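Hi,

Here is the structure I promised to pass on.

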Amino acid sequence: MSSHQDAESFFLEYKPKYKIFHELMNIRMRNVLLVSSIYDSFMLEEDGRLSDQIYEEFQSLNLRTLPRITRVSSANEALDLLEEREFDLVITMRRLGDMDAFSFGANVKSIQDIPVILLLNSVVEIKYLPEFEKRKGIDRVFVWNGDSKIFVAIIKHLEDKFNADYDTQKGNVRVFIFVDDSTRFYSLLLPEIYGEIMRQTHRLLTEGTNDYQDLLKMRVRPKILLAETYEEALTYYEKYKDYLMGVISDIEFPVDGKLNKNAGFLFAKKIKEENINLPIVLQSSKEIYREEAEEMGCYYIHKRSHGMIWDLRKWLLGYVGFGDFIFKNQDGEVLGKANDVITFYNKISEVSLECLVFHGKNDHFSHWLHARGEFDIAETLKPRKVSEFTKEELKAFLLQTINKIVREKTKGVINDFAYENYHPEILFLRLRPGSLGGKGRGIAFLMFILNSFMVESEFEDVSIEIPRTIVIGTDEYDKFMEENNLYEFALSKNSDDAIRKRFVEAKLSKSIQKDLLFLLNDLKGPLAVRSSSLLEDSAYQPFAGIFDTYMIPNNQASDKDRIKQLCTAIKLVYASQFLELAKSYAETIQQTVEESKMAVVIQEVVGRQHNNRFYPDFSGTASSYNYYPFGDYMKPEDRIAHIALGLGKTIVEGESSVRFCPKYPKINFFSTPDILLEQSQKYYYAIDLTKREFDILKDDPYIQRFNLADGIKDGTLTNIADSYDFESESLREGFYGEGSPVITFSQQLKYDIFPLAKLLTRILTLGERSLGSSIEIEFAGTFKNSPGEKNIFSILQIRPFLQQEVLLTEDYTSVDVSQVLAYSNHVSGNLLRKDISDVIYVKPETFDKTQTEEIVAEIDELNSILTKENKPYLLIGFGRWGTADRFLGIPVKWNNINGARAIIETSLDNFLVDFSQGTHFFHNIVTANIGYFHIKHTAQNHFIDWEWLQAKKPEKELKYVTHVRLNQPLIVRIDAQNREGMIIKKEDKKE
């Protein structure tokens with residue numbers, strides 16, 4: 001099976017909610033054979049545009065499967081062609097010359113079992129037709145009235161007939177029964193009914209959905225089943241009555257082979273006995289039937305009225321539910337109207353209880369919802385009787401049912417913001433046109449797969465969510481930059497502080513401020529304002545952590561202060577694209593910041609308030625590929641995760657956290673208590689709700705670092721910590737205020753009280769197979785406070801995690817150990833470089849973990865020199881590169897080391913730190929294909945030849961850092977597949 005087929009199979013296997021839609025309307029009239037004499041062809045063509053007219057008709061009705069029409073001019077030519085090629089439908093005119101149409105139809109069916117339609121050129125030809133029972137070989141007769149709509153009606157009515165069984169049972173698709181034995185009238189009316197249904201379906205496409213769901217909605221449009229006799233109509237009714245949306249029936253048509261002048265009344269009476277509220281229209285060319293039809297509760301249409309088609313449209317809009325829902329009382333007084341489900345929901349809160357009772361008794365709610373394709377809501381409401389409720393209970397039931405399904409409906413859907421369609425439960429809003437950016441696309445895709453694969457149903461005690469998200473599309477960024485004339489300033493050599501100040505002084509459009517102020521009415525808690533550049537979170541250039549995110553309290557008393565705070569954060573996100581960090585990383589991967597545009601993601605922050613602090617019970621990252629598996633049996637594909645108390649800044653900036661493998665989550669607990677204590681998280685990050693001023697020159701102005709003592713006061717360590725007893729030097733399970741807290745997440749990882757490992761495995765598997773690559777996710781959550789609640793697990797973002805592929809053709813397996821400068825089996829990247837002659841290394845003898853910020857300054861100085869000379873270099877240092885905790889490693893930013901093309905992190909006897917993995921910094925290194933080595937100095941198969949390196953004459957030596965230039969370039973070779981990396985030194989010819 002190909003990878004494409006495998007992915008599609010996986011998609012359908014795990015996607016039952018969408019799989020069925022792909023199977024609807026499976027039988028299509030794709031290839032049509034049109035048989036007509038030269039004269040009839042001329043009449044059909046008029047000015048030679050029949051094909052164009054049919055195409056235009058399909059396009060105007062938003063139909064996407066255009067038939068291919070092949071034309072021949074004789075019966076024998078058609079039969080010869082049918083022997084050679086397969087067709088789905090034959091349409092023939094009456095005058096064929098060499099054969100009559102009915103004999104031709106019989107011959108067609110002897111060759112291929114396909115429908116044959118007779119198309120008459122004029123109403124006059126109807127009188128030349130044989131009796132109904134003698135029309136063998138012909139499935140249906142239509143009259144050409146000069147309008148190409150008839151071809152749409154012919155094709156669609158056959159597709160509806162053939163697909164009705166499967167589509168109603170599996171897709172809950174609705175049905176109309178249209179009964180008329182008059183060829184003239186059904187040829188006139190059927191195209192109009194289809195046109196109105198297609199227009200209604202198209203109207204629904206604008207109600208906050210995406211293109212993918214638009215296509216599916218076209219497939220679930222109501223079907224029209226055409227009957228010419230009572231028996232045919234009754235068969236359709238008995239088969240499809242549970243899916244029936246309405247009936248359009250003539251009054252006089254055959255019963256038992258004979259014309260019956262009361263057939264329509266008999267059929268309507270039969271239906272009303274079982275479903276009194278079903279919309280039925282009776283039509284006739286005789287006015288005398290009107291009174292009886294209306295007494296039966298049926299709508300009446302006079303077939304010879306000049307307004308016949310308008311009357312039919314009025315019935316579809318007003319009675320079937322294709323139009324607005326008109327709220328009325330029993331006296332017919334109009335109390336309001338709704339044109340979509342969200343307006344409908346809002347109006348229910350406003351109208352009188354008597355109004356709701358009136359509509360409920362007459363099934364108006366379910367009819368209207370069925371007409372709009374809202375089958376879930378309609379099917380929930382329809383079986384319930386008004387008599388089951390008090391008036392107040394009825395209103396509450398309607399609101400609760402619709403609210404729940406509106407929320408479900410908007411999951412996985414990108415909803416374009418509009419005041420009239422807004423609902424506070426909508427989970428993903430696009431606030432302006434343009435791209436969603438990388439992060440925005442990732443969040444939208446996360447919603448899509450979580451909703452499609454119904455992951456939450458597999459974990460009963462966990463609510464798996466995406467935080468409520470608003471994305472400002474890139475069009476607003478373009479507008480902001482151009483209206484404030486910012487491009488020239490931003491691309492000039494101005495300082496980061498100057499850029500931030502200039503952007504904050506600039507003005508966002510009044511319209512975006514107005515919309516944001518409106519949305520803030522439903523956004524009461526802290527907000528994360530995130531970058532979503534076009535370049536961000538892509539497979540080979542992720543820009544993870546390069547652009548800014550601002551977490552704001554959003555708790556000021558006045559709306560004016562809240563909107564000012566939010567707009568400032570948005571403008572600073574825009575500014576971050578032009579700061580030194582972003583420019584230097586873009587240069588590293590051979591991009592420019594001008595190539596990108598910036599969308600902005602606004603999300604509710606996951607967590608709870610504790611003593612003027614806001615933070616989640618846990619946050620973390622997880623990757624489907626582990627570059628540094630630990631233990632003898634762990635493999636890279638067993639995945640890796642990091643989890644911590646508080647905001648995710650702890651992890652993505654490389655501070656202490658709990659690392660675990662989702663396949664073997666208990667392996668951490670084999671460590672000794674003193675090691676667990678030493679490596680345990682000591683601090684956590686939270687939003688400080690007391691801060692009011694926005695310090696625009698500070699990276700995280702509202703985020704504060706807190707001690708675990710604060711967490712004890714907040715009561716947030718109970719679920720995640722164990723207790724270290726200094727007297728016995730042992731670790732006791734659980735933390736109850738005594739001893740020193742050690743954050744282990746043992747309840748989740750060891751005892752599976754919260755199925756974190758299983759949940760991450762499931763989501764990583766889905767994400768990896770859906771994206772077709774390794775992935776990384778960021779998540780956060782809260783634990784339930786009472787038995788009736790659920791734990792909340794929120795996925796914040798997803799990004800692909802690909803290494804560049806390099807063909808390693810040269811064999812270095814026989815390299816002598818004396819030629820190797822460094823070796824490790826903990827590596828990332830696929831790399832073969834022979835152009836690195838410069839090495840910057842932190843000196844082991846002077847390294848001091850309390851002076852790492854000074855070390856950064858020295859590295860930055862040497863990096864500036866080498867980047868100006870365009871010299872790639874090898875960088876060697878101790879602890880974690882890029883960590884925010886300066887006591888765990890060297891807290892460089894990307895612009896401090898952007899000339900490095902290979903990096904080693906290593907350790908010392910008195911400085912043992914876990915691997916850099918799960919951080920934004922590490923993610924960018926991997927995807928930029930910078931070779932990365934972790935060398936554990938205590939491991940037997942890891943080493944650095946310090947003696948050789950320190951013997952080289954320094955090009956420049958500083959207090960903590962040395963730069964050497966070699967006469968011969970190094971060979972840096974990393975083979976991630978075989979988990980092996982080495983740096984080979986060449987013979988120095990001068991020594």
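First, a word on naming: helices (H or I, at least four residues) and strands (E, at least two) are DSSP runs, numbered from the N terminus. Bear in mind that this is a predicted model, where local features need pLDDT of at least 70 and side-chain atom pairs count only at pLDDT 80 or more, while totals for chains, interfaces and linings use all residues. Residues are numbered from 1 along each chain as its sequence is written, and side-chain values use heavy atoms, with hydrogens and water left out.

The overall picture

The protein chain has 33 helices and 45 strands. Of its 991 residues, 59% are buried (buried means under 20% relative accessible area, exposed over 50%, partly exposed in between, with a 1.4 Å probe and protein chains only). If you take the contacts (heavy atoms within 4.5 Å) between residues at least 6 apart in sequence, 73% of them join residues at least 24 apart.

Salt bridges

A search of the whole structure turns up 49 salt bridges, each one a side-chain nitrogen of Lys or Arg within 4 Å of a carboxyl oxygen of Asp or Glu. Here are some to look up.

- R613 pairs with D714, with the closest N and O atoms 2.7 Å apart. R613 is in strand 23 (residues 613-615) and D714 in helix 28 (residues 708-714), so this pair ties together parts that are 101 residues apart in sequence. R613 is buried at 9% relative accessible area, and D714 counts as buried at 10%.
- K985 pairs with D945, and here the closest N and O atoms are 2.4 Å apart. K985 sits in the segment after strand 45 (980-984) and D945 in the loop between strand 42 (943-944) and helix 33 (946-950), so parts 40 residues apart in sequence are tied together. K985 is buried, with a relative accessible area of 8%.
- E159 and K156 meet through their side chains at 2.9 Å, N to O. Both lie in helix 7, three residues apart, about one turn of the helix, and both are buried.
- E238, K241, K270 and E274 are linked in a network of salt bridges.

Around D160

D160 is also found in helix 7 (residues 149-171). Is D160 buried or exposed? It counts as buried, at 0% relative accessibility. Setting aside neighbours within four places in sequence, D160 is in contact with M25, Y194, R221, P222, K223, I224 and L225. D160 and I224 are 64 residues apart in sequence, yet 6.4 Å apart in space, C-alpha to C-alpha.

Most residues other than glycine have a negative phi. D363, which is not a glycine, has a positive phi of about 60°. D363 lies in the loop between helix 15 (353-361) and helix 16 (364-371) and counts as buried at 15% relative accessibility. N611, also not a glycine, has a positive phi of about 50°, and its place is in the loop between strand 22 (608-610) and strand 23.

Cheers
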